[in-house]
Amino acid sequence: MKKSNINIMFTGAGGPVSVSIIKLIREAGYGIVGVDTEKDSVGGLFCDSFYRVPKANHADYIDTILSVCDRERVRLIVPGVDEELIALGRTRDVFLNKGIDIILSDQKVIEICNDKYEMFLYLKEKGFPSPNTYLPKEIKKPDVLTYPLVVKPKVGRGSRDIYNVNNGNELLFFSRYVNEPIIQEYLGGQEYTVDMLSNRQGEVLAIVPRKRLLSKGVSIKGVVDMNPEIIHACRVIAESLPLSGPSNIQLFLNNGSFKFVEINPRLSGTVILTVMAGLNIPVEIIRMYMDENYTFRFGHIKDKLMIQRYWQEIIQ
């Protein structure tokens, strides 16, 4: 039940992985205004109000978001979709002038993280381990490469349009099939999602690594692993950019060494697993932005906690 006069907008609210975040915000007493490009989506059923909006690259996107904010008296926007980070970041001052804050890292940081090739170049320049990554034009002799390789979009999210290729013919086909592809070294080993919370100045306040034990694009089974080496490395990366607000890093650990594959300057779709372990990142970040007297108090994280999630049906 709504207890606060503060209304929060959550973008990309329609998908099933957004439901847990929406419920956390509502349980904390805030009003939740959801927006999404899809009208009939499950996340909207859990919001106090819900609006269909254009895609982030549409000319009317920002005006539509501003109109909804004005109608619903929104004080804070929590972006949930990568494509919207760029659009909202470019117009941040417009929202601030209307008294609407947005939980975002700096625009330059967003642009580095959203482009997987630029992110690879950044990690390489700073000396952080990451998989070898190429643009198609950089590969002259595909038959002499070491396979398998991974073809994925240069700008994308989740596990959409990601393909493992085993030879030169497959590499050629998927390099043409995927929009603006990159080719990346295949990484085996244990995959991790590392949830992080930073303050506005880019100081990391908390880090919770999780092993992804079972996933279908998003993790549905994981276990907390407070690996000190992973925590230290993620802190160094986050503060070097710097990231602010919520973020998550994805990496693979293999034979005692790890490589970073993604940096997402937003809430992870599976942040509920970290919440269950003891760190309510969605609510903490809202309080940080809305309460001028906010002080972060880091509680106990339940290391080695295994968490599973499942889907539930709703009939309308």
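The model is predicted. The helices are α3 and α5, whose axes come within 10 Å.

**Helix pair α3 and α5**

- Helix α3 spans residues 82-90, and helix α5 spans residues 107-114.
- Their axes cross at roughly 155°. Angles over 145 degrees count as roughly antiparallel, so α3 is roughly antiparallel to α5.
- The crossing of the two helices is left-handed.
- On the α3 side, the contact residues are D82, L85, I86, G89 and R90. On the α5 side, they are Q107, I110, E111 and N114.
- By class, this contact between α3 and α5 has three nonpolar, three polar and three charged residues.

**Second largest pocket**

- Three elements each supply at least two lining residues: helix α1 (19-27), helix α9 (271-277) and strand β15 (306-308).
- Helix α1 gives the largest share of the lining, with five residues.
- By class, the pocket lining has 13 nonpolar residues, along with three polar and three charged ones.

Methods:
Residues are numbered from 1 along each chain as its sequence is written. This is a predicted model: local features need pLDDT of at least 70, side-chain atom pairs count only at pLDDT 80 or more; totals for chains, interfaces and linings use all residues. Side-chain values use heavy atoms; hydrogens and water are left out. Axes are lines fitted to C-alpha atoms, for helices over the stretch in contact, and angles run from 0 to 180 degrees between N-to-C directions. Helices (H or I, at least four residues) and strands (E, at least two) are DSSP runs, numbered from the N terminus. Angles under 35 degrees count as roughly parallel, over 145 as roughly antiparallel, 65 to 115 as roughly perpendicular and the rest as oblique. A crossing is left-handed if the near helix is turned anticlockwise from the far one by less than a right angle, and right-handed if clockwise. Contact means heavy atoms within 4.5 Å. Ala, Val, Leu, Ile, Met, Phe, Trp, Tyr, Cys and Pro count as nonpolar, Asp, Glu, Lys and Arg as charged, and the others, Gly among them, as polar.
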